[in-house]
Amino acid sequence: MSKKEVSTDQLITTILEGIEEVKGQNIDLLDLREIENMVCDYFIVCNGTSNTQVAAIVNSIQKTVSKKAATRKRTPSNRVKAGTRVAK
């Protein structure tokens, strides 16, 4: 990530794109903001069908975030509602 500030919505959207790019399944976005003493605001969970696919999901997220998150402009269409199932 670069020194440019990236919004939470942009980061979530970019992570979801990385997961979907390699066919991650059962994607859930958990909103943890209401829980006290949490180390994060959101948690994204998904499934893969094999160890190889899970590794591909991790690599895809890393590549997608490093390429897009620092330069992407925020638009209203990029907003993701927490608690929504995103899987196709």
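The model is predicted, with local features requiring pLDDT of at least 70 and side-chain atom pairs counted only at pLDDT 80 or more, while totals for chains, interfaces and linings use all residues. Residues are numbered from 1 along each chain as its sequence is written, and side-chain values use heavy atoms, with hydrogens and water left out.

The chain holds 2 helices and 2 strands. Their pattern along the sequence is α-β-β-α. Helices (H or I, at least four residues) and strands (E, at least two) are DSSP runs, numbered from the N terminus. Of the 88 residues in the chain, 26% are buried. Buried means under 20% relative accessible area, exposed over 50%, and partly exposed in between (1.4 Å probe, protein chains only).

The largest pocket has a volume of about 170 Å³. Its lining consists of Thr8, Leu11, Ile12, Ile15, Asp41, Tyr42, Phe43 and Ile44. Two elements, α1 (8–21) and β2 (42–47), each give two or more residues to this lining. The largest share, 4 residues, comes from α1. Grid points are joined across faces, edges and corners, and a volume is the space filled by probe spheres set on the points.

Ile19 also lies in helix α1. Its relative accessible area is 2%, so Ile19 is buried.

Leu30, Phe43 and Val45 make a nonpolar surface patch of about 240 Å². Val45 lies in strand β2 and is partly exposed, with a relative accessible area of 33%. Patches are made of residues with over 30% relative accessible area and no salt bridge; like charges are joined within 9 Å, and nonpolar side chains (Val, Leu, Ile, Met, Phe, Trp, Tyr) within 5 Å. Accessible areas come from the Shrake-Rupley method with a 1.4 Å probe; for residues, only the protein chains shown count as cover.

The structure holds 1 salt bridge (a side-chain nitrogen of Lys or Arg within 4 Å of a carboxyl oxygen of Asp or Glu). The side chains of Asp31 and Arg33 form it, at 2.5 Å, N to O. Asp31 is partly exposed at 31% relative accessibility. Arg33 is partly exposed at 48%.

Asn26 has a phi near 50°. Asn26 is in strand β1 (residues 25–31) and is partly exposed, with a relative accessible area of 35%. Asn37 has a positive phi of about 60°. Asn37 sits in the loop between β1 and β2. With a relative accessible area of 78%, Asn37 is exposed.

Terms used
On a 1 Å grid over the protein atoms alone, a cavity is a set of points where a 1.4 Å probe fits but cannot get out, and a pocket is an open set with protein on both sides within 12 Å along at least five of seven lines; lining residues have an atom within 4 Å of a point.
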